[in-house]
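Work through these exercises with the sequence and the 3D view side by side. Try each task before you read its solution.

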Amino acid sequence: MRTMISGVSWKLFLLTFFLLDLGSSQDFGQARFICTSVPANMDMCAATMQNSGPAEDLKTTVLQLRETVLQQKETIMNQKETIRELTAKLSRCESQSITDPGETRTGSRRKETGKNTMGDVSRTPADTLNQLSQTLQSLKQRLENLEQFSRNNNSAQANNLKDLLQNKIEDLEKQVLSRVNSMEESKPGQKNETEQRVKVDSTLTSLHHRISDLEKGQKENRPADKFQLTFLLRTNYMYAKVKKSLPEMYSFTVCMWIKSSASPGLGTPFSYAVPGQANELVLIEWGDNPMEILINDKVAKLPFVVKDGKWHHICITWTTRDGVWEAFQDGVLRGNGENLAPYHPIKPQGVLVLGQEQDTLGGGFDATQAFVGELANFNIWDRKLSSGEIYNLATCNSKALVGNVISWAESNVDVYGGATKWTFEACRQIN
């Protein structure tokens, strides 16, 4: 009898040790002892196989959980870039602070609550009527310029163009005034206000295309640099793109002619984004803030006053050594400072956009930051121009230089979303 009991105990001990080893090999976290009576005359291997059902179930469950974890990990990795981008935007929004002219700060562009950043800026009927009035005036001015062109040419083709222009002026007035009257009759709370605004914008875009068709004949005869860009509406789809990128630069000068009366803020005349940094080089006037220059997301306020509906020539110079910058308006030094992104070279292989601020490389446009106005003679140099050279540019001196990095040429710029090109000659058409 004693021998039988000893045999049973020995078998129970071996079985317990076997199950303990099986549990630890499956990484169950905590060992569990399972006691099962085994007859003295039963083979140990057979007994173990009869009780292996729970272990197999646990193994299957662990494999399923592991597969679920891997799927969740893949989902998190896919969303990681989106989370990083949203976090960066939130940080810029929350970190805006007011600084004195010449000081630098990070993330100065804070979006206003309630702004529609995915399409046209929300406008009241009064705002729309005012913008339509300005648009009509600009369209008529363009047609008058074409009419002046026809008067300066005595060919039969020019005379035919003059007659056609007169008809177009009358047609434009009828169509735009019809839209204006329609907007006046609409009530502020009407549900179809957005639809009405879309129709108006669509009509204006169509008119822009028709005028552009008239200007084609003039375009064929004008020099490559005698043109301007016009951005009449504040949208997130109207812009121009410079075909050439920037090289690595340790200093630069950027100059342009600009005209705008937009309020509040004329928007973003240009933005340059590179992989990993959407604000590598940006010129922006947003909301009620003064115009600012951003380099590597560091900011300096500029003392420009250009929202009077007149043409102004502006230049900004910068060197990476100590981050020294200067701002010129109409050939005169208006302000300077230092410590603007010092010892940070402008990175190459980016995207240069006119008329919109980039939140992502080549896109992510926000209608509230869009440029509204006219822009011409946009040039960039990879050195700091002297005050004399800048004065020559502002006064259209025959010795004026063209950009050695970006030069203003019609073939170098593509337009999108209704932005238009038409003839402009500095110092002859200004104001």
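Predicted model: local features only at pLDDT ≥ 70, side-chain atom pairs only at ≥ 80, totals over all residues.

Residues are numbered from 1 along each chain as its sequence is written, and side-chain values use heavy atoms, with hydrogens and water left out.

**Exercise 1. The core**

Find which members of the largest nonpolar core touch the most other members.

Solution. 
- Start with the term. A nonpolar core is a set of buried Ala, Val, Leu, Ile, Met, Phe, Trp, Tyr and Cys residues joined through side-chain atoms within 4.5 Å. Buried means under 20% relative accessible area, exposed over 50%, partly exposed in between (1.4 Å probe, protein chains only).
- The largest core has 48 residues. L246, F270, I295, L302, L354, F378 and I380 touch the most other members.
- Strand β3 (residues 251-259) gives the most to this core, with 4 residues. Strands are DSSP runs of E, at least two residues, and helices are runs of H or I, at least four; both are numbered from the N terminus.

**Exercise 2. Two aromatic pairs**

Decide how the rings of F227 and W408 are arranged: stacked or edge-to-face?

Solution. 
- Rings of Phe, Tyr and Trp (its six-membered ring) pair if their centres lie within 6.5 Å; planes under 30 degrees apart count as stacked, over 60 as edge-to-face and the rest as tilted.
- The structure holds 7 such pairs.
- The F227 and W408 centres are 4.3 Å apart and the planes are at 5°, so this pair is stacked.
- Now place the two residues. F227 is in strand β1 (residues 227-231), and W408 is in the loop between α7 (387-394) and β13 (413-416), 181 residues apart.
- Compare F231 and F371. Their centres are 5.7 Å apart with 75° between the planes, an edge-to-face pair.
- Both F231 and F371 are buried.

**Exercise 3. A glutamate**

Determine what the side chain of E285 reaches.

Solution. 
- Locate E285 in strand β5 (residues 277-285).
- Its relative accessible area is 5%, so E285 is buried.
- The E285 side chain reaches the backbone nitrogen of L266 at 3.3 Å.
- It also makes a polar contact with the side chain of K307 (3.4 Å). A polar contact is a pair of N or O atoms within 3.5 Å; within protein, one must be able to donate a hydrogen and the other to accept it, and residues adjacent in sequence count only if both atoms are side-chain atoms.
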